[in-house]
Amino acid sequence: MGSTVTTIQAVLQDAEEKQWKSEAIKNWLGKLKDSAYHLEDLVDEFKTEALRRSQVSTFFSLQNPLLFRLNMACKFKNIREKLDAIAGEKTKFHLREWVGEVKIQCKEDRQTSSLVKESEIYGRGNEKEEIVGMLMNNLSQHDDLSVYAIWGMGGLGKTTIAQLVYNDEKVRKAFDLRVWVCVSDDFGIIRLTKAIVESIEGNSCNIQELDPLQLRLEERLVGKRFLLVLDDVWNEYHDKWDGLKQALRCGVKGSTVFVTTRIEKVALMMATVNPICRLGCLSDDDSWSLFKHRAFVMGRNEDNSKFETIGRQIVKKCGGVPLAIKAIGSIMRLKSQESEWLQVKDSKIWDLVDEGSRILAVLRLSYEHLPPYLRQCFSFCSIFPKDYVMTKQDLIELWMANGFIPSTGPMDLHEMGCEIFNELTWRSFFQEGKEDIYGNATCKMHDLIHDVATSIMREECCVVEPNEMWKMPKTACHLFVCCSSSTNTVNIPKLQSLRSLILHSEDGFGINLSKPSLFTNQKYLKVLDFCGQFNHIVGDYRLKHLRYLNLSYSPIETLPESTSYLYNLQTLKLRGCHNLRMLPKGMKNLKELR
């Protein structure tokens, strides 16, 4: 089985990239993920049985060890045959094998240039003037090379800001040389040095070795004040940046590098001038102005109040991201019927065939640069509704419960979870980060970033109202149920694949569970969250895979004795359980509890 898994892993990255254009590959990945879940469950059963035997004398054990092993052997054989069949199918997709770190193909449509039409830019005048002002004020204050950085999520217009600054009249006059280089994924020193030389000289450079290349660059820069824009930087390695920066230190006082990136860590590593600019979203008014410019050709439909009302609702979906506003505005330019506008308003972003795919493709680049464990942790966050305030501690515990956090050397899982949270924040997946006086950190996801996560997880993560349970796909693995005072009863269907179940009462009213015993049928549940005053909570836990149990603010008086048989339990939350009087006697059995 090990060789089969290795064979599949080798082509997994290529398959993930190609699934967006191939339904067959997407289905193949779905079958693979389903089999991976089953394999994980089997391994978990072995571990759980080992934990159980360490706590209970085998003399009193109801499980016959020989029967257990035979049963497991049969299940492993079945899953191995499934994985072998899946591995055999990969050849018809012509998938490439990847070895080593994540590599993203550099696509032609990711290339940028310095050209910009300023009359078509809305809402970035203040940022432009602020950066130009900093550049002008610091020209005579820094003897060494000055490096400015601007960062933010994809689609906000970082490149546009750089273009506006680059072409500003004051900037043109202040620098002897201006050079624009689109860096993208390849931060090779030879490639970038050659690109800078070619930009200055205006023709191709045939030098292949680094030393003569850098000498040529030094000849072109010495005695000149230059502005170099490095657009779309992803490199996080100090040594690569140091190697390039060393060759740029030959300009005169005031020479400047301007960097754009999606990653805060990159901005912090490269910038020498504070403050580092984090680019925000457009205001509502600027968003509407940009949309009008795109959608209302020669004033068509602009005077129709119905179109404006619908249009403003469409713009709201874009969350102030210029890329999305321009793309969807271009769609609306071709639609003259009110029904067509309403259809776009009510559509998911990924259902907008051409422009919707383009928006997600740009935003998904950040996802594609993540290692597998970070991808899992990010995409899992689509279990929460849009605009939901996520708590750092809760996220880490939920990631741990689902096995998303890898074990790496001396660092424990919680510490690794903190690193993952910080990494996703640095990369603009998490925003609006706050921390209270007690050190409790919270964050949100931008709506379009949430759309990216949802497009990846599709039917694996679901957010539903109690009256929408009939919409639940059978493949749902992680379920968030939004309850309110208007909800009297929650009826949870039996889902064999369910791993996470979060029942969220927004207004604190007690909610009844129609069939509490049904939870015992969700045999692979790892997360069970009742936080929010739910009544009639299940009294007999037979969920041997359970790792996270949140009963906070529930009216329970005693914790069931069966809780002490949840050998895998890592997190038990009882905050606000004011009626609780007694814990199980066997709590000492919960060796995994943190």
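How many of the 594 residues of the protein count as buried, in percent? I looked this up before anything else, keeping in mind that this is a predicted model. The answer is 48%.

**Overall make-up**

I went through the secondary structure next and found 19 helices and 17 strands. For the surface, I have about 28600 Å² of accessible area, with 49% of that belonging to carbon and sulfur atoms. I also checked contacts between residues with a separation of 6 or more: 64% of them join residues 24 or more positions apart.

**Cores**

I then looked for nonpolar cores. The largest has 88 residues. Phe 378, Trp 399, Leu 424 and Phe 430 have the most contacts inside it. Helix α13 (residues 322–332) gives this core its largest share, 7 residues. Apart from that core I noted another one, of 36 residues, including Val 147, Val 181, Cys 205 and Trp 234.

**Phe 378 and Tyr 367**

Leaving aside neighbours within four places in sequence, I listed its contacts, among them Tyr 367, Leu 424, Phe 429, Met 445 and Ile 456.

On to aromatic pairs, of which the structure holds 15. I picked out Tyr 367 and Phe 378, with ring centres 6.1 Å apart and planes at 50°, so I logged the pair as tilted. Tyr 367 belongs to helix α15 (residues 355–368) and Phe 378 to helix α16 (residues 372–380), so the pair ties together parts 11 residues apart in sequence. Is Tyr 367 buried or exposed? It counts as buried, at 7% relative accessibility. Tyr 367 also has a charged neighbour: Arg 375 lies over the face of its ring, 5.1 Å from the ring centre.

**Other rings**

Tyr 565 is partly exposed, at 47% relative accessible area, whereas Tyr 567 counts as buried at 5%.

I also marked one aromatic cluster, formed by Trp 288, Phe 291, Phe 296, Phe 307 and Trp 341. Last entry: which residue has its charged end over the ring of Tyr 166? That is Arg 178, at 4.5 Å from the ring centre.

Terms used
Residues are numbered from 1 along each chain as its sequence is written. This is a predicted model: local features need pLDDT of at least 70, side-chain atom pairs count only at pLDDT 80 or more; totals for chains, interfaces and linings use all residues. Side-chain values use heavy atoms; hydrogens and water are left out. Rings of Phe, Tyr and Trp (its six-membered ring) pair if their centres lie within 6.5 Å; planes under 30 degrees apart count as stacked, over 60 as edge-to-face and the rest as tilted. Helices (H or I, at least four residues) and strands (E, at least two) are DSSP runs, numbered from the N terminus. Buried means under 20% relative accessible area, exposed over 50%, partly exposed in between (1.4 Å probe, protein chains only). A charge sits over a ring if NZ of Lys or CZ of Arg is within 6 Å of the ring centre and within 35 degrees of the ring normal. Contact means heavy atoms within 4.5 Å. Accessible areas come from the Shrake-Rupley method with a 1.4 Å probe; for residues, only the protein chains shown count as cover. A nonpolar core is a set of buried Ala, Val, Leu, Ile, Met, Phe, Trp, Tyr and Cys residues joined through side-chain atoms within 4.5 Å.
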